[in-house]
Amino acid sequence: PGACWVHMVISWLMLSVTARAAAQAAYLVGVSDPNSQAGQQGLVDPTQFARANQAIQMACQNLIDPACTQSQVLSAATIVAKHTSALCNTCRLASSRTANPVAKRQFVQSAKEVANSTANLVKTIKALDGAFTPENRECCRETTAPLIEAVENLTAFASNPEFATIPAQISPEGRRAMEPILSSAKTMLESSAGLIQTARSLAVNPRDPPKWSVLAGHSRTVSDSIK
């Protein structure tokens with residue numbers, strides 16, 4: 001049984017490492033064709049902004065909920081701080097990477113607006129945490145609005161197609177050159193899956209000679225496909 005688990009662990013390692021290496025190698029072969037065009041990483045990831053926007057809005061909704069408890073207030077504050085900090089860092093990075101002066105200024109300005117509105121909200125959250133009065137709740141509600149607006153504006157700006165990732169364009173010749181690598185990787189993955197399934201069976205019933213033969217066959221196939 002111990003040998004079976006060793007085979008399983010080795011197989012999983014091969015799957016994770018070799019599959020990534022094969023995919024990278026295939027891409028490099030395909031994109032190196034003169035008629036192919038390499039992909040280009042986007043300046044920002046719009047989905048990151050969208051997720052942060054959603055999380056911040058939900059946290060702000062919790063903050064202004066009259067039934068919100070002290071622990072829920074602190075949890076919402078933590079969520080807001082986490083996502084606004086990440087957005088500001090992303091804006092600073094994007095500003096340093098872009099050559100577009102308008103985009104550079106806008107990212108810097110957006111980061112300032114998010115940071116300032118977050119700081120104002122944190123002040124009212126601290127006051128609310130100290131005393132759950134109607135006045136403090138109202139102040140908290142008022143300071144959530146500028147933050148939500150700042151994050152929404154930033155999210156809309158970050159979704160500009162100018163900042164989007166450009167996928168690689170692989171030529172037909174490049175795709176044909178990729179086929180041997182992808183075919184070998186497919187064989188390796190299929191054999192690894194068979195190896196794992198066989199190893200699981202042997203872990204339950206190690207006294208099965210035919211299964212050991214199948215396991216050895218899968219191991220050889222995986223090894224050969226990696227070479």
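Predicted model: local features only at pLDDT ≥ 70, side-chain atom pairs only at ≥ 80, totals over all residues.
Glu 138 is partly exposed, with a relative accessibility of 33%.

How far apart are Arg 141 and Glu 138 in helix α5? They are 3 residues apart, so about one helical turn separates them. Helix α5 itself covers residues 134-158.

Now to a pair of helices. Two packed helices are described by the angle between their axes and the distance between those axes. Here the pair is α3, residues 70-97, and α4, residues 101-130. Their axes are 9 Å apart, and the packing angle is about 165 degrees. Angles over 145 degrees count as roughly antiparallel, and α3 and α4 are therefore roughly antiparallel to each other. Their crossing is left-handed.

Which residues make the contact? On the α3 side they include Gln 70, Val 73, Leu 74, Ala 77 and Val 80, and also Cys 88 and Cys 91. On the α4 side, among them are Lys 104, Phe 107, Val 108, Ala 111, Leu 121 and Asp 129.

What is the contact of α3 with α4 made of, by class? There are 15 nonpolar residues, 5 polar ones and 2 charged ones.

Definitions and conventions: Residues numbered from 1 in each chain as written. Heavy atoms only, no water. Axes fitted to C-alpha atoms, helices over the stretch in contact; angles between N-to-C directions. Helix = DSSP H or I, 4+ residues; strand = E, 2+ residues; numbered from the N terminus. Parallel < 35°, antiparallel > 145°, perpendicular 65-115°, else oblique. Left-handed = near helix turned anticlockwise from the far one by under 90°. Contact = heavy atoms within 4.5 Å. Nonpolar A, V, L, I, M, F, W, Y, C, P; charged D, E, K, R; others polar. Buried < 20%, exposed > 50% of the residue type's maximum accessible area, 1.4 Å probe, protein only.
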